[in-house]
Amino acid sequence: QKKTGDQIIIVDNNEKHPNARKLSRIKGIDKIFRSKNIGFGGACNLAVKFIDQQVDAFLFLNPDTRIKHDTLEAFRATNRESAAYMGTLLIDDNKVNSYKTEVHISGMSWAGSLYSSPKDKKNISEINYASGACLLVWADEFANIGGFEDSYFLYYEDTDLCSRLLLKGKSISRINNAIVYHDYVEGL
């Protein structure tokens with residue numbers, strides 16, 4: 001699904017993992033950075049720093065996701081109405097992993113609509129909080145809020161990023177036909 005101008009950057013935080021050696025043999029990967037484990041948000045920020053050309057948007061994917069064949073085209077077809085977009089996250093049996101991130105007044109957040117069946121027929125649905133497992137953020141919006149907050153090692157970095165976008169009056173949406181399979185394990 002990669003097109004001219006796209007860059008695939010991987011931040012590998014475990015070079016002793018068996019898959020680390022396989023990465024360098026995959027065609028299409030532009031850069032692989034080996035680093036200590038600095039957390040998901042920190043790794044995303046690191047990747048952004050090393051993009052060597054002007055890009056319009058960043059698509060962040062968890063390492064335990066797989067994108068459906070036409071998903072990148074669905075992201076490419078979006079416009080600038082929202083500052084950030086998430087894909088529809090599904091579990092292998094086509095049940096929902098997350099349609100949005102639910103946030104409690106205390107700040108705790110979790111995957112919304114977990115284990116439900118996909119049902120939204122609109123192409124774009126506005127939501128308040130997106131999951132970082134598959135998150136597109138326009139490059140200028142990402143820069144304006146300073147990227148991910150590095151102090152969140154794992155979890156809540158996406159909730160924090162969305163909160164800062166919302167506080168700036170920006171909107172966040174889900175692209176319903178941008179399907180991403182997430183190897184989700186409840187409670188982790």
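Trainee: What makes the contact of E141 with K170 a salt bridge?

Mentor: A salt bridge is defined as a side-chain nitrogen of Lys or Arg within 4 Å of a carboxyl oxygen of Asp or Glu, and the closest N and O atoms of E141 and K170 are 3.4 Å apart, so the pair meets that definition. The two residues belong to distant parts of the chain, E141 to helix α4 and K170 to the loop between α5 and β11 (172–182), 29 residues apart. Please keep in mind that this is a predicted model, in which local features need pLDDT of at least 70 and side-chain atom pairs count only at pLDDT 80 or more, whereas totals for chains, interfaces and linings use all residues. Residues are numbered from 1 along each chain as its sequence is written, and side-chain values use heavy atoms, with hydrogens and water left out.

Trainee: Why is E141 called buried, and why is K170 called partly exposed?

Mentor: Buried means under 20% relative accessible area, exposed means over 50%, and partly exposed lies in between, with a 1.4 Å probe and protein chains only. E141 has 10% relative accessibility and therefore counts as buried, while K170, at 32%, counts as partly exposed.

Trainee: How do you know that R76 and D6 are joined, and what does their salt bridge tie together?

Mentor: Their side chains meet at 2.1 Å, N to O. R76 lies in helix α3 (residues 71–76) and D6 in the segment before β1, so the pair ties together parts that are 70 residues apart in sequence. Both residues count as partly exposed, R76 at 33% relative accessibility and D6 at 28%. Salt bridges that share partners also join D6, E73 and R76 into one network, and the structure holds 7 salt bridges.

Trainee: Why is Y155 called partly exposed, and what makes F153, L154 and Y155 a patch?

Mentor: Y155 has a relative accessible area of 43% and is therefore partly exposed; its place is in the loop between α4 and α5. Patches are made of residues with over 30% relative accessible area and no salt bridge, like charges being joined within 9 Å and nonpolar side chains (Val, Leu, Ile, Met, Phe, Trp, Tyr) within 5 Å. F153, L154 and Y155 form a nonpolar patch on the surface, with about 310 Å² of accessible area together.

Methods. Accessible areas come from the Shrake-Rupley method with a 1.4 Å probe; for residues, only the protein chains shown count as cover. Helices (H or I, at least four residues) and strands (E, at least two) are DSSP runs, numbered from the N terminus.
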